Amino acid sequence: MRTENDHGLLRAIGAALRTPIGPGRKPWLSFGWMCVALLVVLGLSGALLSIYYLPALDAASESVRFVMRDVEWGWLVRGVHGWASAGLVVCAAAQLVRVFLTGRYRGARAGSWVLGGLMLLVVLGLAFTGELLPWDAESVALAGAALDGTQAIPVFGPPLASAMRGGAEVGAATLARAHAAHTLVLPWLAFLLLLLELWFLAHSRGRREEHT
Amino acid sequence: MIVLLSRGASPEEVEAVLARMRALGIPGASLEVGSLRLIHVTRGRARRARWLLSEPTVEAIVPTSGPRVRRDGRRFYPFHTLCATALGLLLLGLLVLLAGFFPPGVTSAPAAGEMAPAPEWPWYLAPMRGVLALAPGPAWVGPSLLVALGALFLAFPLLDRTRGDGVRARAPALAAGILVMIMVLALGIAGGSA
């Protein structure tokens, strides 16, 4: 009879947690770990903010003001969310710089570099779509300027801009798409990239151990 | 040495283990992480902690020093998990402080027919703004340049043909990379003031 302990995935996770990770190593003292911690903070604070946020043209700005003014500790949660987002951009960029300077992007780790680069793009996308959600005068101007820039890219720019705009003009559909990208598409993409990155790390480590 | 107690161990059971440890001459400090109870052996002959395995509440004993740890390093769980959690909490504290001292603002929604102001671009897009501002010629040059630079960045491991790990062996790639970083900083400054 199979029990929970016999499950392959659980056994693999248990074995990974019990495996010593090299003398003197401090994996938690790295930008990579800080990225993971910030993603967790962003997920939790974002979930709390999404309780009150209304992604509608006439209600988005008011719902954000309601969080800031009337919800207990709402201003603090929104502040933590904003600062964590800025911190994540800094940590993701710093992690890539560190990987570059230490030369850990060559050979088996090339895939990890590409994933890190894609993660930085996803993080920038998350931060930017987050700027649009309050849908105040500033956000509307920013959305318009960003869509004009996207439109100018040859070949795939116009269809991409049209898909992001969701119509002839910046409006309700643009806000709905920014909201969907910020709360569904990009967070899941970030989670997937994180899992792939961990798999790459474990895989390249296993290969290095086989060689020694 | 960390003594791992079974999940949901009651305070009385923890106290019983601590009393046994004191009797063995290895005093420890109790830690609680969620439903998890741990005891960190703070001083004394840690080898004596193996006698604790006879206690029904004690699940495992994880060495944090000694020959095996010096040779193989520490396990992720529980040692590094505790450190990572502590650092995460510190980070959260820093974020709360920043949010408390510098709270975000929000302005009102634009009225119908109101002209949108010139957008204030976020700081992290300043290098991209710099490329767009400095790109010559028609409007498509800047965005196309951005896409090409992004593709070059992702393909960097394929372009780097250097061998060896030393600074001298990697000098061409390092020089190119550092040049790119300086360019990104300069573009950021240019984009911020554009």
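**Reading the fold of chain B**

Reply: The secondary structure of chain B consists of 7 helices and 4 strands, where helices (H or I, at least four residues) and strands (E, at least two) are DSSP runs numbered from the N terminus. Along the sequence the pattern is β-α-β-β-β-α-α-α-α-α-α. The model is predicted: local features need pLDDT of at least 70, side-chain atom pairs count only at pLDDT 80 or more, and totals for chains, interfaces and linings use all residues. Residues are numbered from 1 along each chain as its sequence is written, chains are lettered from A and ligands numbered from 1 in the order in which they are written, and side-chain values use heavy atoms, without hydrogens and water.

Me: What does the radius of gyration of chain B say about how spread out the chain is?

Reply: The radius is taken over C-alpha atoms, and the globule rule is 2.2 Å times the number of residues to the power 0.38. For the 194 residues of chain B the rule gives 16 Å, but the radius is 29 Å, well over that value, so chain B is more spread out than a compact globule. The C-alpha trace of chain B spans about 80 × 55 × 25 Å along its principal axes.

Me: How many of the residues of chain B count as buried?

Reply: Buried means under 20% relative accessible area, exposed over 50%, and partly exposed in between (1.4 Å probe, protein chains only). In chain B, 29% of the 194 residues are buried.
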